[in-house]
Amino acid sequence: MAVPSGRAEPFDQPRRPPDSWQVEEVGDGNLNLVFILRGALGAAIVKQALPYVRLVGESWPLPLKRSFFEYNALIRQEARDPGAVPEVWHFDEAQAIVVMEFLSPHIILRHGLIQGKRYNGLGERLGEFCARTLFRGSDLSMKPAAKKADMALFAGNVELCDITENLVFSDPYFDAKLNHHTPGLEGPIARIQADLPLKVAVQHLKMGFTAQAETMLHGDLHTGSIMVSDDDIRVIDPEFATYGPIGFDVGMLISNFLMAYMAQPGHETGAGTRAEYQDWLLSVTANVWTAFEAEFTRLWREERTGILYQATLYEDQGHGLASEIARAERLGMIWRDALGFCGVEMHRRILGLAHNADFERISDEATRAGCEARALALGTALIHGRNGLTGIPAVLDLARRISLENHL
């Protein structure tokens, strides 16, 4: 798949002078500054990297080059799934600034889920995004020289990969300095941190993340990295982009819908008032995987032009059945990886440094702890059971069962 190269075209300045522009800071993320810039001809988003982790402060320095990786990820995602991300209008590497399309009337998906809003086609669109960007960024589609050049480019995103490798895959499983949790979770935390087979499994998953350079990942695909309106869905914030296993983005995304499902009792106005919405969230979760599987299958059959599973070896020899067997086995591997990464993400968003608003906005601590304990239990079950849970219905049944239990 062809990818644009070089710097973005300069952002056309409005006819009125800059002192007539209006600037509003809107960023609520963990790393960067985000502004809405309004002028006579419209509005733009201006995103600027800080030389430290915004969530922690200057005590945790972070290089500005992450904006370079975000820009390069965005233009590749746009090429691989047109219309899936905001249009990039300008990139200034020296000032670590990306200027892009202002999405309106979009809101952050996580906020909509907390409010109980529904979005038509949500799971299907996100599943397609994952399939298209992950397939087309891999050796299944790309020419070897282009894939290796991209791997070399994104290999420089060392510091943000280090955040994932430690805060996601290691810190939740021992008493790390930056961990924090809701009071009342001490029992579930002790069980997780004393679960030796779990610790082994998670480190196997961590090795997969560091060693399986299958495709360009978004790297931080969750419901806070998706903007939605009634008729549009866009993916944002790929500054964690790196090369890794295809199942990583898929698992991270599914986990966030499962956490939203587990958090719903904390947002009820009365007992059971979010039950139907919980069912909808599970349907979205299912649609993410089924749409991913269907689009991956289409791409396998129509766009498998890379060095892996070449048609010259299969279809051109009259061995189309072997191609289908290979596809099914590859999807099985992706599924198992995704379940493992899903479980790890559920653990780290409750026990580690960066938590989810799905739980954090539950004001009653006892209710929050109960919801989080069930999510932790589901995460553990997915990691341990990733080789035996053979389809998305089994995962949804497991989530429903655990949601009715007390895991404190």
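Predicted model: local features only at pLDDT ≥ 70, side-chain atom pairs only at ≥ 80, totals over all residues.
Local features are reported at pLDDT of at least 70 and side-chain atom pairs only at pLDDT 80 or more, while totals for chains, interfaces and linings use all residues. Residues are numbered from 1 along each chain as its sequence is written, and side-chain values use heavy atoms, with hydrogens and water left out.

The chain has 13 helices and 12 strands, taken as DSSP runs numbered from the N terminus (helices H or I, at least four residues; strands E, at least two). Its C-alpha trace spans about 65 × 60 × 40 Å along the principal axes. Of the contacts with a separation of 6 or more, 75% join residues 24 or more positions apart, contact meaning heavy atoms within 4.5 Å.

Buried residues make up 56% of the chain, where buried means under 20% relative accessible area, exposed over 50% and partly exposed in between (1.4 Å probe, protein chains only). The largest nonpolar core holds 96 residues, such a core being a set of buried Ala, Val, Leu, Ile, Met, Phe, Trp, Tyr and Cys residues joined through side-chain atoms within 4.5 Å. Leu122, Phe257, Leu258, Phe292, Phe296 and Leu382 touch the most other members of this core. Apart from residues up to four places away in sequence, Leu122 touches Leu109, Val228, Ile233, Phe257, Trp280 and Val284. A second, separate core of nine residues includes Val53, Leu160, Ile163 and Leu167.

Met262 lies in helix 8 (residues 247-263) and counts as buried because its relative accessible area is 1%. Although Met262 and Ser403 are 141 residues apart in sequence, their C-alpha atoms are 6.5 Å apart in space. Beyond its neighbours within four places in sequence, Met262 has contacts that include Phe359, Arg374, Leu378 and Ser403.

In the loop between strand 7 (97-101) and strand 8 (107-108) lies Pro105, and the peptide bond from Ser104 to Pro105 is cis, with omega near 15°. Ala96, in the loop between strand 6 (88-92) and strand 7, has a positive phi near 55° without being glycine, and is buried at 0% relative accessibility. Asp237, also not a glycine, has a positive phi of about 60°; Asp237 sits between strand 11 (233-235) and strand 12 (242-244) and is partly exposed, with a relative accessible area of 25%.
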